[in-house]
Amino acid sequence: MEHASSTTNRPRVAIVGAGPSGCYTAQFLLKRWPGADIAIFDRADTPYGLIRYGVAPDHLGTKAIAKQFARLFDGGKVTFAGGVEIGRDVPLADLRADHDAVVLATGLWADRTLDGFHDASGRPAYLGVHGSGALTRMINGHPDSRTDDVRLGRRIVIVGTGNVAVDLVRLVLTPGGTLRELGVPERAIAALQDGPVERIDVVGRSSAADAKFDAAMIKELGVLPDVRFELAPSGLESGTASSPAAEAVGELVAASPAVAARLVRFNFGWVPERLTGDERVRSAVFRAAGDPDRQLELGADSVCTAVGFTAAAEDAVLRSTLESDASDLGRGVLAPGLYCVGWLRRGPVGTIPANRADARLVADAVIADLEAAGRHLDPTQPVTALKEHA
Ligand SMILES: Cc1cc2nc3c(=O)[nH]c(=O)nc-3n(C[C@H](O)[C@H](O)[C@H](O)COP(=O)(O)OP(=O)(O)OC[C@H]3O[C@@H](n4cnc5c(N)ncnc54)[C@H](O)[C@@H]3O)c2cc1C
């Protein structure tokens, strides 16, 4: 790896990961140092991380956030090096040696697993069990995504009551023609809707009031054609507390038609226990959160887990291996000159705007540390381009 010769006192910063947190970090660094030498690396050929491969294709306004980041690259202010996996194609040590600061913005992409639904090594216990990250990558046309073994079938159980679970409900029930217009690949449409879908059970261990989804996401489900929504008996002993999301579920159920070709049932207060099946999954079994003697068994052609994200052992950059007593994660500092930001720093929670605040905090730490070390920008110099990245 080699930069064009840099005889000036210009800070050179490498950002690993071109998702929202990496791009926001570049924006904040450029605000302070308009001519800084910033390169963003991503293992994908194209930038924007989960904006491209996570956010649902019908959430066009959210997808459009990528446009503001495109200005970073179009204007040549920042170099984008796609198809480069740091830690595999380029050692992290080389990147650190060549830059004043390296900011890791690699996110957390692996689906969390569930005891009883996955084996000890994290593999699904049966065919027909899919993580929401894998499914949303498939829907968004991720080049590495495989669809061969995905057939959701007529009866689908979705475990999880966050916004990603609601994304899946909506996308599975959205007419194929609409998905096609949104650019969802044909193979993904077939995988989602070949059943055709008759029933979806959404199951979560919390009450409706404690569910993580936003009320606006629930309201969006109301426009889906030919769907009846029901609230199943709760697995909790009592549940009088409310929340905007719980109220939205109540309104959705009340307004839905008495008869429809597709049924969505919300099951709150049920703890995932195990799956049954032969080669393929046949049912998902849950235990009542408020009474261990009560059990719920739901027949399923497929089970989708939407229970959050985590690091994967095979990740080329693992935060846990880079932390030491010298780390100060409150500022995003992993080691001198090495920082982390976004989901990698905070964990897999929060929407895209939350990464903006995070990026500001970490960019401030980078700026303070480099300036304390006497690195100041010489604004008279043009931005140098990265000559090679491998
Ligand atoms: C399915 C899903 C749907 C979502 N929908 C919404 C939504 O509608 N609205 C909303 O506000 N938020 C949504 N979010 C949350 C939002 O996507 C995250 O808050 C945000 O993407 C986190 O940003 P990040 O930059 O930390 O990580 P990411 O977006 O994951 O970006 C990480 C980047 O790092 C790259 N990378 C990883 N390892 C390496 C490596 N070793 N070398 C080089 N590059 C690497 C990856 O390819 C990726 O491009 C959704 C999340 C998911 C999972």
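Predicted model: local features only at pLDDT ≥ 70, side-chain atom pairs only at ≥ 80, totals over all residues.
Close-up 1. Leaving aside residues up to four places away in sequence, Ser 132 touches Asp 111, Val 164, Leu 168, Thr 305, Ala 306 and Phe 309. One of these contacts, Phe 309, belongs to strand E16 (residues 309–310) and returns in the next view as a partner in an aromatic pair.

Close-up 2. The structure holds nine aromatic pairs, among them the one formed by Phe 309 and Trp 343, which is tilted, with 5.9 Å from centre to centre and 35 degrees between the planes. This pair links distant parts of the chain, since Phe 309 is in strand E16 whereas Trp 343 is in helix H13 (residues 343–346), 34 residues apart. Both Phe 309 and Trp 343 are buried. Elsewhere, Phe 213, Phe 229, Phe 266 and Phe 268 form one aromatic cluster.

**Close-up 3. The shell of residues around the ligand.** The ligand is surrounded by 31 residues, of which the closest are Ser 21, Asp 42, Trp 343, Gly 350 and Ile 352. An N or O atom in the side chain of Ser 21 is 2.7 Å from an oxygen atom of the ligand, and a polar backbone atom of Gly 350 is 2.8 Å from an oxygen atom of the ligand. A polar side-chain atom of Asn 355 also lies 3.0 Å from an oxygen atom of the ligand. Taken alone, the ligand exposes 1000 Å², and the protein buries 91% of that. The elements that give two or more residues to the shell around the ligand are H1, E3, H2 and helix H14 (352–372), and H14 supplies the largest share, three residues.

**Close-up 4. The buried and exposed sides of helix H4.** Helix H4 (residues 65–74) has as its buried residues Ala 66, Phe 69, Ala 70, Leu 72 and Phe 73. They cover an arc of only 145 degrees around the axis, and therefore lie on the same side of H4. On the other side of H4, Lys 67, Arg 71 and Asp 74 are exposed. The cover over the buried residues of H4 includes helix H1 (20–32), strand E3 (37–42), helix H2 (49–53), helix H3 (60–63) and strand E4 (78–82). H4 is followed by Gly 76, whose phi is positive, near 75 degrees.

**Close-up 5. Tyr 48 in the loop between E3 and H2.** Tyr 48 is found in the loop that runs between E3 and H2, two elements that are also among those covering the buried residues of H4. The phi of Tyr 48 is near 95 degrees, a positive value in a residue other than glycine. At 11% relative accessibility, Tyr 48 counts as buried.

**Close-up 6. Gly 222 and Asp 226 in the loop between H10 and E10.** The loop between helix H10 (215–220) and strand E10 (227–231) is the place of Gly 222, and Asp 226 lies in the loop between H10 and E10 as well. With a relative accessibility of 46%, Gly 222 counts as partly exposed, and Asp 226, with a relative accessible area of 43%, is likewise partly exposed. Asp 226 has a positive phi of about 60 degrees although it is not a glycine. Gly 222 and Ser 145 are 77 residues apart in sequence and, from C-alpha to C-alpha, 30 Å apart in space.

Close-up 7. In H9, the residues Ala 188, Ile 189, Ala 191, Leu 192 and Gln 193 are buried. Pro 196 is found in the loop between helix H9 (186–193) and strand E9 (199–204), and the peptide bond from Gly 195 to Pro 196 is cis, with omega near -10 degrees.

Notes. Residues numbered from 1 in each chain as written. Heavy atoms only, no water. Phe/Tyr/Trp six-rings, centres within 6.5 Å; stacked < 30°, edge-to-face > 60°. Helix = DSSP H or I, 4+ residues; strand = E, 2+ residues; numbered from the N terminus. Buried < 20%, exposed > 50% of the residue type's maximum accessible area, 1.4 Å probe, protein only. Arc of directions from axis to C-beta. Contact = heavy atoms within 4.5 Å. Near = heavy atom within 4 Å. Polar contact = N/O pair within 3.5 Å; in protein donor to acceptor, adjacent residues only side chain to side chain. Areas by Shrake-Rupley, 256 points an atom, 1.4 Å probe, with all protein chains shown as cover.
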